[in-house]
Amino acid sequence: MSKSFVTGFPRIGEQRELKFALESFWAGKTSFGEVEKVAAELKKRHWNYQIDAKVDLISVNDFSYYDLMLDNIVTFGAIPPRFAGLSGYDLYFSMARGNANSVAMEMTKWFNTNYHYIVPELSRDVKFNLNSSKIIAEYKEAKEAGVLNAKINLIGPITFLALSKTTDGSNALDHLDALSSEYVKLIAELSKLDNEIIIQIDEPIFVTDRAAELASQIVPIYDSLASVADNVKIIFMTYFEHANEAVAQVVKSKIWAIGLDFVHAACQEEALKLLSNSDKVLFAGLIDGRNVWVSNLDAKAEIANKIKTFIPDERLYIGTSCSLLHVPYTLKYEENLSIKEWLAFGVEKLTELKILKKLVNGVEFCETGKCLIEANRAAIASRKTSTLVNDINVQNRVKSLTKFDRDTAYEERIKIQKETFNLPDLPTTTIGSFPQTPELRQVRNAYKKSLITKESYESEIKKYIDDCIKFQEDCGLDVLVHGEKGVGGFCGGSLPAYVPVSD
C-alpha cells in the first residue's frame, strides 16, 4: 500500500502561541525558558495531530524559533564575523533581528512564496563548524512524544549555498565540498540515533532555472551522503515546480527517494518514466501546501493512480506539495466564514491526506470517513456553481472579448509614465508593510473589546498611516507605501500609494 508523509508542518501554533511567546521575550517580559516551554508544548501537539491523521512519516526538525535557513546557519557555523563572541539565543536572535552593535542579516523571499528567509552571509574565508545539538535534541524529543516514524528535515547543501550571498565577491558554491563534509559528519551522528534513520534533504533550488547549472553536483555530493551509514535513507526533496534535471541525476545516484511537486507541476511523465526504470522511492506532493482551498480528493486520487502506472505502491508515498507553514494553521477558531466549507488550512490538510491515502489504496471508509469524503465532494461541487465565485455577467464579458492588446506600444507608455511620475531609473521604496506598534496593538485590542467606537478606531488607524507616509516623505523615498486600514501587518498588507504601471 502507498504510505503518506507531510513535507513540513507549521510551527506558529493554532492560536499563534509561538509568536506571542517570542514577542513577550523580546519585550523583556518573560525569560527564554518560557519560550522553550511553549515550543515544547507546540511540537508535541503538532506531532500528535499528524499521529492522529495516520501520517506514515512525520517531520522532525521542521520547527524553528525564527527561520529554518537561520537554523542551518547555526548548525553549520556559518556565522558572520560581526556576531563573533555571541552564543545561544543571543547569537540566534541577533542575527535575525540585529542588536545594539550589529545590523540583522538580510531577509528575502523563499522562492515564489510570501515566506521570507534569512540569507546566509559567506566569504572565501568562511570555516564551517557542525553543531548538531538542536537536531538531535528534537529527534529524541519526538521519540519520547511517541513519534515512531520520524524523518529528519534538513535544507540541502546545494540550495543553502545557491541562496547565500558573499561579502567579498567570491562564489558561495566554491564551498560545496567543505560544507558537504560537514553534512557527512552530521549524517554520521544522526545514524547513531536509531536502527533506521530517514532524512529529508530539501533542494528546491532544482525547480529553478539554475537546475541545469547545478545538476552535475547531485551525484558526487549525494553519493557521499548516502554512503555514510547503511541505516540512513535519504529523500532528495523538491517542491514548487518540476525538477526534471534533478530526477535525471537522482536515478543515477545512491539516494533512496526523491520528492516531487504534483500540484504546481501536475504532469510529470518525463520524470515518472525515469523513475519507473530505477529503484527510487517517489514522494509525490499531491495536497497543495500553499493553497487554502479544499482539495478535490477524487481528482487527486486520479493523479495518484496515474503515478501508480509508473511507480508501484511499495515505492510510493503521497503527501503535501511543500511544507504546510505556507497556509494558515487551522479553521478550528474561524466562526464567521461563509465559505468555511471550501477551505482547508494546515490541520485540515492532514485530514485530506488521510482520506486521500484511503482512496488511493482502495481502503473501505468507516461511517466517519464516508461523511468526510461526501463533504469534500459537496464542497467542490458548491464552489463550482456558487454565485460568490461565479458571475455570469463577467463570464459573458470575457467570452465577448475581441481586443487582447493595448493600443499603445510599451515604448510609448513608458515614456509617458516617466514624464508623469518623474521617477529616477531606480526608484526607492520599501519592501512593503511597516510594523505594528505597541500603541496600535492597544487600539486594536480596545476596539476588539468594544472599549472604543469604530470611528475612534479608524481615526487612530488613519493617523498611523499618515505618520508612516510622512516618515517615507521625510526619508525622500520615490514610491510610497501605505497600509490597508484595520488588517494585520503595517495596518496589514500594503498597497502602493502611487506606482508607475508598465509591462
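Visitor: What is the strand order of the open sheet of eight strands, and what is the pairing?

Guide: This is a predicted model. In it, the order runs β1-β12-β11-β10-β9-β8-β6-β2, and the pairing is parallel. The average twist from one strand to the next is 30°.

Visitor: What makes β1 and β2 edge strands?

Guide: Each pairs on one side only. That holds for β1, residues 3-5, and for β2, residues 58-60.

Visitor: How do you know that β6 and β8 pair?

Guide: Count the bridges. Two strands pair if DSSP finds at least two bridges between them. Strand β6 (residues 150-155) and strand β8 (residues 197-202) have five, in the parallel sense. Therefore the two strands count as a pair.

Visitor: Which residue of β8 stands opposite Leu154?

Guide: Ile201 does.

Visitor: Why is Asn61 called buried?

Guide: Buried means under 20% relative accessible area. Asn61 has 9%, so Asn61 is buried. Asn61 sits in the loop between β2 and α3. Its phi is near 75°, a positive value in a residue other than glycine.

Visitor: Why is Ser450 called exposed?

Guide: Exposed means over 50%. The relative accessible area of Ser450 is 62%, so the label is exposed. Ser450 lies in the loop between α17 (438-448) and α18 (454-475). Ser450 also has a positive phi, near 60°, and is not glycine.

Visitor: And Leu426: what makes this residue buried or exposed?

Guide: The cut-off for exposed is over 50%. Leu426 reaches 74% relative accessibility, so Leu426 counts as exposed. Its place is the loop between α16 (410-421) and α17.

Visitor: How many residues along the chain lie between Leu426 and Asp478, and what separates their C-alpha atoms?

Guide: They are 52 residues apart along the chain, with 9.1 Å between the C-alpha atoms.

Visitor: What is the space in the second largest pocket?

Guide: About 470 Å³. The pocket has 21 lining residues, and those closest to its centre are Tyr65, Asp71, Tyr92, Ser133 and Lys134.

Visitor: What classes of residue make up the lining of the second largest pocket?

Guide: Nine are nonpolar, six are polar and six are charged. Tyr counts as nonpolar, so Tyr65 and Tyr92, both among the residues closest to the centre, fall in that class. Asp and Lys count as charged, so Asp71 and Lys134 belong there.

Note on methods:
Residues numbered from 1 in each chain as written. Predicted model: local features only at pLDDT ≥ 70, side-chain atom pairs only at ≥ 80, totals over all residues. Heavy atoms only, no water. 1 Å grid on protein atoms, 1.4 Å probe; cavity = no way out; pocket = protein on both sides within 12 Å on 5 of 7 lines; lining within 4 Å. Points joined across faces, edges and corners; volume = space filled by probe spheres on them. Helix = DSSP H or I, 4+ residues; strand = E, 2+ residues; numbered from the N terminus. Axes fitted to C-alpha atoms, helices over the stretch in contact; angles between N-to-C directions. Buried < 20%, exposed > 50% of the residue type's maximum accessible area, 1.4 Å probe, protein only.
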